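Subject: Structure handover

Hello,

Below is the structure I said I would pass on. Please keep it open while you read the notes that follow.

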Amino acid sequence: MRQQNAQIVRDPAWRRRIVGTLIGLLLLWPMLVASEFKPWILFDEQSLNATAHFLADFLAPAHSLDFLRLVAVNTWQTVAMATAAMTLAIAGAIPMTLLINERLSLSRIGTGRMAFIPAAVRQLVRWLLVVLRSVPELVWGLLLVRIAGPGPTAGVFAIALTYCGMLGKVYAEILDSSDHFATRALIVNGSGRLNAFLYGAMPEAAAELVSYTIYRWECAIRGSIVLGFVGAGGLGQRMDESLKNLVGGEVCTMLIVFVLLVAAADGVSKMLRERLA
Amino acid sequence: MQLELINATIRHPGANNAAPALHELTLQVTAGEQIALIGPSGAGKTTLLHTLACAIRPHDGDYLAFGIDPWQMNDAARHALRKRLFLAPQTPPLPPRQRVVTAVLAARLPQWSLWRAFASLIKPSDPRAAFDALARFQLEDKLYARVDRLSGGERQRCGMARLLVSTAELFLVDEPLSALDPTLALATLAVLQEEAATRKATLICSLHQVELARRHFPRIVGLRDGRIVFDTRSDALTDAMIANLYAGREAATPAPPDLTPAATVPDVPCF
């Protein structure tokens with residue numbers, strides 16, 4: 001009886017968790033050193049002066065009508081870039097997600113093993129997604145600005161390529177971690193795989209897929225701003241000019257616009273999640 | 001012969017070193033038969049149903065469904081074969097956030113193109129069929145309710161309504177009455193048997209209600225520890241055979257059963 005008690009009290013996962021945490025902390029230290037993380041240089045005299053000057057100007061947001069009109073046009077361009085890029089990214093990500101989803105494998109049913117060719121195709125698509133998302137959108141942007149010339153086109157494609165890789169991966173993970181019971185039951189009863197996916201997995205995963213997609217749209221807006229700095233148009237390009245001229249007021253106005261955009265994305269996401277929950 | 005298991009030994013995928021879930025089973029089923037599958041928990045009833053549904057490949061021995069060995073066919077042909085059967089798991093496989101009408105009409109998915117399936121998500125393509133099926137279980141007022149608003153018993157009958165809407169000719173039903181009160185259980189079983197009889201479909205049904213099985217099924221298969229203990233006409237089934245089937249279950253396990261999860265829930269790794 002005592003032995004049995006000891007068996008119950010000893011959680012088999014406990015030791016693994018402790019060791020995992022310790023290893024994680026050990027690895028964190030050299031990373032902090034390697035990244036030259038030195039927060040105190042923010043507080044030397046020269047930095048403080050520059051900051052104070054910029055902040056004084058920054059506190060009065062620019063609000064001349066001309067400037068606001070310019071910001072509105074550029075905001076619209078930025079949102080349009082992000083939306084177009086997301087549309088392309090989603091169009092690419094959905095087929096790849098479906099391809100790598102192991103729960104839709106027919107050869108796996110009953111044997112627990114996937115046949116060689118389907119397994120190879122899944123692995124290849126997975127690698128393609130890795131390649132797509134391992135190149136940052138900024139690098140894609142620089143490359144595409146060379147090819148397509150400066151302007152929003154380069155920005156749209158740059159974001160679409162990277163985000164396609166990210167969306168494909170995360171969609172696949174959301175679907176993998178949702179409950180497969182319903183999908184599997186439909187497949188075992190002879191339903192087509194995509195049909196089973198629509199009726200079995202989608203109802204449960206839809207809210208999460210939508211909220212992740214909108215979060216990525218929010219990221220795409222930020223991304224298109226960054227790409228503006230390398231010549232892809234939109235708010236980023238304006239921001240670049242204002243920062244170079246150290247016009248704090250203009251920077252402030254544009255930052256306010258960023259915050260509003262992100263808040264709007266958050267609101268849309270919340271509303272859709274409530275609808276789908 | 002519609003279904004034939006010949007010396008089939010079944011192991012769960014990924015559990016090749018564990019003891020097999022079913023040992024050298026031989027079973028023959030002719031079209032239109034109604035068979036009750038009884039036996040203690042963990043006897044292998046669910047595994048047997050999954051094997052018959054081509055959802056688990058026999059490790060050893062043969063299985064012939066509709067006269068053909070599904071595991072000699074390629075994936076696509078075997079999948080086409082699955083359209084002819086309907087496996088209803090014990091827990092109804094209905095997504096909680098789906099509407100009942102959609103969940104019931106999902107039985108038609110094997111016949112639907114992707115486009116039709118998609119369109120039916122937006123506007124149910126044959127709500128009448130779902131309504132009629134639900135009405136046979138007194139659930140017609142739940143047609144447009146969401147699955148997570150249903151009680152356990154309602155969900156279970158909703159799963160049976162899906163079976164009625166399917167076009168299968170072989171029903172493999174895993175404990176369809178486990179969440180129902182005795183009156184509902186009787187009515188539900190009657191609907192299942194009636195439906196199987198009218199469309200001349202085969203019905204194989206695992207049950208824990210031994211008396212119900214004896215009274216309503218012409219043939220009873222008793223399963224214990226992965227072996228068929230008896231396979232008999234129900235009028236030839238004696239109380240002694242049943243006592244023997246369930247014998248020693250209480251005495252043999254003095255320790256709380258939770259301590260040996262691997263032994264008590266062999267069906268989990270598969271689903």
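Helices (H or I, at least four residues) and strands (E, at least two) are DSSP runs, numbered from the N terminus. By that rule chain A has 11 helices and 0 strands. Chain B has 10 helices and 9 strands.

Some housekeeping: this is a predicted model, in which local features need pLDDT of at least 70 and side-chain atom pairs count only at pLDDT 80 or more, while totals for chains, interfaces and linings use all residues. Residues are numbered from 1 along each chain as its sequence is written, and chains are lettered from A and ligands numbered from 1 in the order in which they are written.

The two chains

The radius of gyration is taken over C-alpha atoms, and the globule rule is 2.2 Å times the number of residues to the power 0.38. For the 277 residues of chain A, a compact globule would come out near 19 Å, but chain A has 25 Å. Its C-alpha atoms fill a box of roughly 70 × 50 × 40 Å along the principal axes. For the 271 residues of chain B the rule gives a value near 18 Å, and chain B agrees with it at 19 Å. The C-alpha trace of chain B spans about 55 × 45 × 40 Å along its principal axes.

In chain A, 35% of the 277 residues count as buried; in chain B, buried residues make up 42% of the 271.

Two residues are in contact if their C-beta atoms, placed from the backbone, lie within 7 Å. Among contacts in chain B between residues at least 6 apart in sequence, 68% join residues at least 24 apart.

Where the chains meet

The contact takes 24 residues from chain A and 30 residues from chain B. On the side of chain A, the elements giving two or more residues are helix H8 (181-188) and helix H9 (193-228). H9(A) gives the most, with 8 residues. The chain A side divides into 12 nonpolar, 10 polar and 2 charged residues. Here Ala, Val, Leu, Ile, Met, Phe, Trp, Tyr, Cys and Pro count as nonpolar, Asp, Glu, Lys and Arg as charged, and the others, Gly among them, as polar.

Two packed helices are described by the angle between their axes and the distance between the axes. Axes are lines fitted to C-alpha atoms, for helices over the stretch in contact, and angles run from 0 to 180 degrees between N-to-C directions. Angles under 35 degrees count as roughly parallel, over 145 as roughly antiparallel, 65 to 115 as roughly perpendicular and the rest as oblique.

How does H9(A) lie against helix H4 (residues 114-122) of chain B? Their axes come within 9 Å and cross at roughly 10°, so the two helices are roughly parallel. From H9(A), the contact uses A:Leu194, A:Asn195, A:Leu198 and A:Tyr199; from H4(B), it uses B:Leu114, B:Ala117, B:Phe118 and B:Leu121. These residues divide into 7 nonpolar, 1 polar and no charged.

Within chain A, helix H6 (residues 137-148) packs against H9(A) at about 45°, with the axes 10 Å apart. That angle makes H6(A) oblique to H9(A). A:Glu137, A:Leu138 and A:Gly141 of H6(A) meet A:Gly223, A:Val226 and A:Leu227 of H9(A). This contact divides into 3 nonpolar, 2 polar and 1 charged.

Regards

Methods: Buried ≥ 20, exposed ≤ 12 C-beta atoms within 10 Å, placed from the backbone.
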